[in-house]
Amino acid sequence: MKAQVIHSFGDPSLFQSADLPRPAVIPGHVLIRVAATSVNPVDTKIRKGVLSGISPQLPAVLHGDVAGVVEEVGEGVTAFHPGDEVYACAGGVKGTPGGALADYMLADAALVASKPKQLSMQEAAALPLVAITAWEGLIDRAGVQADQHVLVHAATGGVGHIAVQLAKWAGATVSVTGSTEDKLAVARDMGADHVINYRTQSVAEYVETLTAGDGFDLVFDTVGGDNLDRSFEAAKLNGTVVTIAARSTHDLSPLHGKGLNLHVVFMLIPLLHQTNRERHGQILTKVAQIADEGKLRPLLDPRTFTFEEVAEAHRHLESGQAVGKVTLVNERF
């Protein structure tokens, strides 16, 4: 099979096309004929070599997100059959058999779900990592409620645009932040009730305007760094902050002073530690149902890349110019 491989860590130019043996199916796994994948920030960090604790052994096939068709099923797998259309986040990190940048990907069946029927392979490949992350933060950890006012930061980012839609699906009122009027217009189209240009409005200003100074019941931070401190500022007394980017140092006094709950989401834990993997399959099954009901859709960056153009796809995501998810299609599918 054809695959895109890195033999060392560094810049995007290190990707090389290679011929590799097709993975042999093993018990509890499915072999997926890969139609599409997407780039997540963690993929670029792994490629750079800055996340040594989660990186696969070299040479490596990267990317976790996959959409495709089941080619073979291993012993003990009863939920899937050859020919089934599926999607998952199931590889590209330490502890997994391989990544999605190849004609075939071997995946633990517990991590896999049936693809949303109403979405294309390319659209489905954009969802797994970001949808699981948003679901774990909003639903599993924070337990978002219909009577809550939720603030989502970076609403047109990969996780952010899914969080907006899931919060609306749960019945919450949703406010969002963004850096441009174009991005805020996209967020409105995704269902946001109120939009905030964080370049022109301070936290104090939009908290006063949108919550009468009380603060938000739930703040979903997808940015980290100083924005996590702004999230503490925006939360109400005894409110909740969820973050997906906590690799930084912070003064936790505001949490104590407000009695805040802080949840940190790292969705790769089941892949890295081989624990509770079935939860990912369950979440993706529910996400597919919501998508097929027309209540959730991925935001795709206008540029589409082929697997052979993976270096360009990584550069595009790292440029900061991408809106939504950067996706790649396998022309050999």
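In this predicted model, T222 counts as buried because its relative accessibility is 18%, and buried means under 20%. You'll find T222 in the loop between β11 (216–221) and α7 (226–234).

What does the side chain of T222 reach at 3.0 Å? It's the backbone oxygen of H153. H153 also turns up among the contacts of T222 once neighbours within four places in sequence are left aside, along with A154, V159, G160 and I244.

Now for the wider view. The protein chain is built with 11 helices and 15 strands. Its 333 residues would give a compact globule a radius of gyration near 20 Å, and the chain has 20 Å, so the two agree. Picture a box of roughly 60 × 40 × 35 Å along the principal axes: that's what the C-alpha atoms fill.

Here are some shares, in percent, for the protein chain:

| Item | Value |
|---|---|
| Residues that count as buried, of 333 residues | 55% |
| Contacts between residues 24 or more positions apart, of those with a separation of 6 or more | 66% |
| Accessible surface belonging to carbon and sulfur atoms, of about 13800 Å² | 48% |

T222, then, is one of the residues that count as buried.

Last, the charges. How many positive and negative side chains does the protein chain have? There are 27 positive and 37 negative ones, and the centres of the two sets lie 1 Å apart.

Definitions and conventions: Residues numbered from 1 in each chain as written. Predicted model: local features only at pLDDT ≥ 70, side-chain atom pairs only at ≥ 80, totals over all residues. Heavy atoms only, no water. Helix = DSSP H or I, 4+ residues; strand = E, 2+ residues; numbered from the N terminus. Rg over C-alpha atoms; globule rule 2.2 N^0.38 Å. Buried < 20%, exposed > 50% of the residue type's maximum accessible area, 1.4 Å probe, protein only. Contact = heavy atoms within 4.5 Å. Areas by Shrake-Rupley, 256 points an atom, 1.4 Å probe, with all protein chains shown as cover. Lys, Arg positive; Asp, Glu negative; His and termini not counted. Charge placed at Lys NZ, Arg CZ, Asp CG, Glu CD. Polar contact = N/O pair within 3.5 Å; in protein donor to acceptor, adjacent residues only side chain to side chain.
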